[in-house]
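Welcome, and please load the model in your viewer. We will go from one selection to the next, with a short note at each stop.

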Amino acid sequence: MCGIFAVTGPEQDAGSQVLKGLKTLEYRGYDSWGVSVREAGSNDLVVTKDIGKISNVNVPFPKGKEAVGHTRWATHGGVTVANSHPHQVGDVTLVHNGIFENYAEHKKRFLAAGSVFNSDTDTEVIGHIISELLNDGLSPAEAIRTACTKIEGRFSILVMFKDVPGIYAARRGSPLIIGRDKDQTFIASDIPAFLEKTRLVNYLDDDEMVFIEGGKVQFYDLDSGEEITKRDIEVPWKLEHAEKGEYKHFMLKEIFDQKDSIARAINHEDDVLNKAVELLKSSNGTYLVACGTAHKVCLAAEYFFSQISGRKINVVAASEVPYFERFINQRTAMVAVSQSGETADILEVFERAKARGAKLLSLTNVESSSVARMSDVHLPINAGPEKAVASTKATTAQMALLLLLAHADAGKINQGRELLSTTSSAINDLLNPRYEEHIRAVAAKYVDRPNMFIIGRGPLYPIALEAAIKIQEVSYIHAQGFAAGEIKHGPLALIEEGVPCMVLGDELETISNAIELKTRGAKIIGVSSENADIFDDWIKVPDAGCAQAIATLIPVQIFSYHLALLRNLDPDMPRNLAKSVTVK
Ligand code: F6R
């Protein structure tokens, strides 16, 4: 949700470097973009910004060794050039990721004093606060620190001052990572922005601040202003992990990455899994919380634990947890599932659960994420960087790890491993161009239909819900998932001649439900291990036993991807959405 990136070093092309790095962060926001360069010679902070996707941008920048940039996902203020970052107020130029919740009260004060605003953003108000503090005689660092005491909400900011070399950054709640390469330093909301240059990083934590200039890096505590030291970390990522390679889109690449990401997800030592199991066993109530697709993973996991270890899990969408807060106490196991580990709704649940004494367990794809670092026990899902907005490989990795955890909870780790490695091999065999082409041909038959319905029962019911999310977000077709047995209690009224209904699984009862749909005119797309007469089209999946939910999701992802392509849409960047939702 908004990508920010800064470069300082000996090279005079900092502007182009920032533009290039921002392109790797475009998945975080693609409404508009902007770059500010400290122009060589004049020291002026020259801003270039525009609306539209940054991937299409190729503009010259003034020569300069320092630059900051931003790719935006609009929150406060529409998509206009004026609302794009960076914002400039007096000598201050800044970019911002997050939400300044109490900006209106500050803006009112400035307006009353006659200040002029050039945008509708909350970010510009931060600029006014810092500028006012500078005018009061505070140093740049003190002005930022004091401004941060006035901001409520989660944020990260990068700030440049005219006539003061170097770049400042502060963080409370939104990610910032420092990349270090001899005499050049970077600050970014995600590692791919500088991965081409360095793998040596420091993670900025909440309520910390950093100053960079060339190879100089100084960290400070945001409250006290005292200098602090941070651990240097070498990240294991390789550049090709964060690039599309031979694939046309990240979404397709990430779907095909599932050839081995499931095997990586379950590659944990027994004692790590047992630590997580101990946390569950020492509790008298387990909550599984997540958002969007990850929430559907948790719904599938509810079946896994019920069937495999007999544990009752309470699955709640993170944004709904406040309504159940009275049940959270020292005996609660609060388990979060999140690709990014930065989702604001989850962070809030974790903060509040921690304050009530709950034990925190998380499964994330980013080990350095805020969620991972707050947890008592963290299990990385090891899917590798996921850049398409629509989650695919992280989803199946989360399901695989939760399925393994359910087996560990039942004292059957080896059985779980065996099941998942067989499933992983079957998926490896499945993912080939012929299979993809068959699914594309099925998608082509239904691409012009305005509505689609998906049904499944047991663990395939959450997969029906997830299938609907995938279809909606990349193809914009109205899609809805239902528990197969529920359709006769209402949804059947929606069925008319020719409406495509995807039927997940081939259990007898599910086939009966498919017949109910077909009798009312639906076209049936079966996604199952066995073909059935009732199916108009059939997409085969391997028989994966308890891991059927994982195997079934993969063709559904391919189907959604091709619906998007057939409708001339960019599946990597669906309208109105962004990866990593760091605002509430
Ligand atoms: C949809 C999708 C989203 C995310 C949700 C949570 O394809 O990716 O629904 O699942 O925004 O994000 P994370 O997993 O980063 O917490």
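## Stop one: the ligand

Start by selecting glutamine 339, where a polar backbone atom is 2.7 Å from an oxygen atom of the ligand. That is a polar contact, meaning a pair of N or O atoms within 3.5 Å; within protein, one must be able to donate a hydrogen and the other to accept it, and residues adjacent in sequence count only if both atoms are side-chain atoms. Before moving on, note that this is a predicted model, where local features need pLDDT of at least 70 and side-chain atom pairs count only at pLDDT 80 or more, while totals for chains, interfaces and linings use all residues. Residues are numbered from 1 along each chain as its sequence is written, and side-chain values use heavy atoms, with hydrogens and water left out.

Next, select threonine 343: an N or O atom in its side chain is 2.5 Å from a ligand oxygen. Then go to serine 391, where a polar backbone atom is 3.0 Å from an oxygen atom of the ligand. The protein buries 87% of the 410 Å² that the ligand exposes when taken alone (accessible areas by the Shrake-Rupley method with a 1.4 Å probe; for residues, only the protein chains shown count as cover).

## Stop two: the shell

Helices here are DSSP runs of H or I with at least four residues, and strands are runs of E with at least two, numbered from the N terminus.

The ligand takes up the space of the second largest pocket. A pocket is an open set of points on a 1 Å grid over the protein atoms alone, with protein on both sides within 12 Å along at least five of seven lines; a cavity is a set where a 1.4 Å probe fits but cannot get out, and lining residues have an atom within 4 Å of a point.

For the largest pocket, select Val235, Pro236, Trp237, Asn365 and Glu367, which lie nearest its centre among 27 lining residues. Strand 15 (233-234) and helix 6 (258-265) each supply at least two residues of that lining.

Finish with the largest cavity: of its 25 lining residues, Tyr27, Arg28, Asp190, Ser340 and Val366 lie nearest the centre.

Terms used:
A molecule sits in a cavity or pocket if more than half of its atoms lie within 2 Å of its grid points.
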